[in-house]
Amino acid sequence: MNILILGSGGREHAFAWKLAQSPLCDLLFVAPGNAGTAQIATNLPISYNDFSAVAKAVRDKKINLLIVGPEEPLVNGIVDFLRNQPDLSNLQIVGPDAKGAQLEGSKDFSKQFMHRYGIPTAASQTFTVETLQEGLAYLEKHSLPIVLKADGLAAGKGVIIAETLVDAQTALYEMLDGKKFGIAGSKVVIEQFLRGIELSVFVLTDGINYKILPEAKDYKRIGEEDTGPNTGGMGAVSPVVFASKGFLQKVEDKVVKPTLAGLQQEGINYQGFIFVGLMKVNGEPYVIEYNARMGDPETEVVLPRIQSDFAELMVATATGELDKIVIQVSPQTAVTTMLVSGGYPGDYETGKIISDLERLEDVMAFHAGTLDKNGHVLTNGGRVLAITAQANSLENAVRKSQEAARMVQFEGKQYRKDIGVDLIRYSD
């Protein structure tokens, strides 16, 4: 079969790497891809938000299976667009339609969905510019710290944790009246702050059946010991030592099953990934957020642990046959360390030559923001490379990933040196 992956990051490189191993995969394309995907697939120079260009590529390349990596085209309705093309009725797609993608596209929708179906989550209330004064008054009665979330997609920057009432009120005013996040902040969800430890659980569903993939923990802040501003993710670990079999059973019973039942109740035929961002609070799971796709850099530790044929898994998802699949998972630990550009997550330069990739052994360098130009691999984003290592222990996986992270060179390179270290020391 011919397969097309939409996206250009580390997640999509990991998808391509895994799919290329399948005997089911004849031709593999990535749009637009990066320097890493170019080594194992054919990059197509089209935007994943150009739906007509995607449809043309599907026709021209005789694509059988399409996997949508990022959230933006899903929320914008690419699945609906392709489903409405009469000549593409046989195209198998992994990714929800726009209605299903609201789980990520609207924080207000997802919170109301959780409340409707009894899914444990932090208490919250939603406000608009018309109810700004009510929102300011609501903050006065709320305990601190408090979380403010822009309703729509804000490139990972739409969440503010306010430590003081003044900070909270200023943030609400800037989001609603000052339009700090544009249309994404036309509604703001004010949410109770949960104290606990975060992890992510990934669900693959064909609309009826589901499989739970390996869990992961990612590291959002730029600085060691979780200091500094938030990023798209500085690293990840799988499995997660504090996610016991008993806790994961609670996640399945209290979160996964009611989520899927709720989607069916709402008439949403959801075929794709559901990323469940969780907080473990006193041994209980609470949902922080849903995403309508796989996480990044979590994909770079989850996929290396999946030993089953990934193309077979994707086809089963798109055709409603996940109940026929048994997923084999490696017991090894995977750790990824993200190499980022100097200045990230603020202003940064691109076009820096990356060297010493050829020296890496027994690790995977998943390309996130790279470009192949005149025979050189150049930096082309804030997050540049995800260096993933697997080993029989967390300590060894951390060591291997960090050693490889030190080896690769480019001007301004930054990375966290403590990815996974907190879990080595972790005790309940």
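Predicted model: local features only at pLDDT ≥ 70, side-chain atom pairs only at ≥ 80, totals over all residues.
Me: What makes helix α1 largely enclosed by the rest of the structure?
Reply: Buried means under 20% relative accessible area. Ten of the ten residues of α1, residues 10-19, are buried, so the helix is largely enclosed. Among them are Arg11, Glu12 and Lys18, along with Phe15 and Trp17.

Me: Which residues of helix α2 are called buried?
Reply: In α2, residues 51-60, they are Phe51, Ala53, Val54, Ala55, Ala57 and Val58.

Me: What do the buried residues of α2 pack against?
Reply: They pack against β1 (2-7), α3 (71-75) and α4 (78-83). Contact here means heavy atoms within 4.5 Å.

Me: What comes just after α2?
Reply: Lys62 does, with a positive phi of about 50°.

Me: Why is strand β7 called largely enclosed?
Reply: Five of the five residues of β7, residues 146-150, are buried, so the rest of the structure largely encloses this strand.

Me: How do you know that both faces of β7 are covered?
Reply: In a regular strand the side chains alternate between the two faces of the sheet. Ile146, Leu148 and Ala150 lie on one side, Val147 and Lys149 on the other, and all are buried.

Me: What makes β7 and β8 a pair?
Reply: Pairing needs at least two bridges. Four bridges join β7 to β8, residues 159-162, so the two strands pair. They run antiparallel. Ile146 has Ala162 as its bridge partner in β8.

Me: How do you know that β7 pairs with β9?
Reply: Five bridges join β7 to β9, residues 187-192, and at least two are needed, so these strands pair. They also run antiparallel. Val147 stands opposite Glu191 in β9.

Terms used:
Residues numbered from 1 in each chain as written. Heavy atoms only, no water. Buried < 20%, exposed > 50% of the residue type's maximum accessible area, 1.4 Å probe, protein only.
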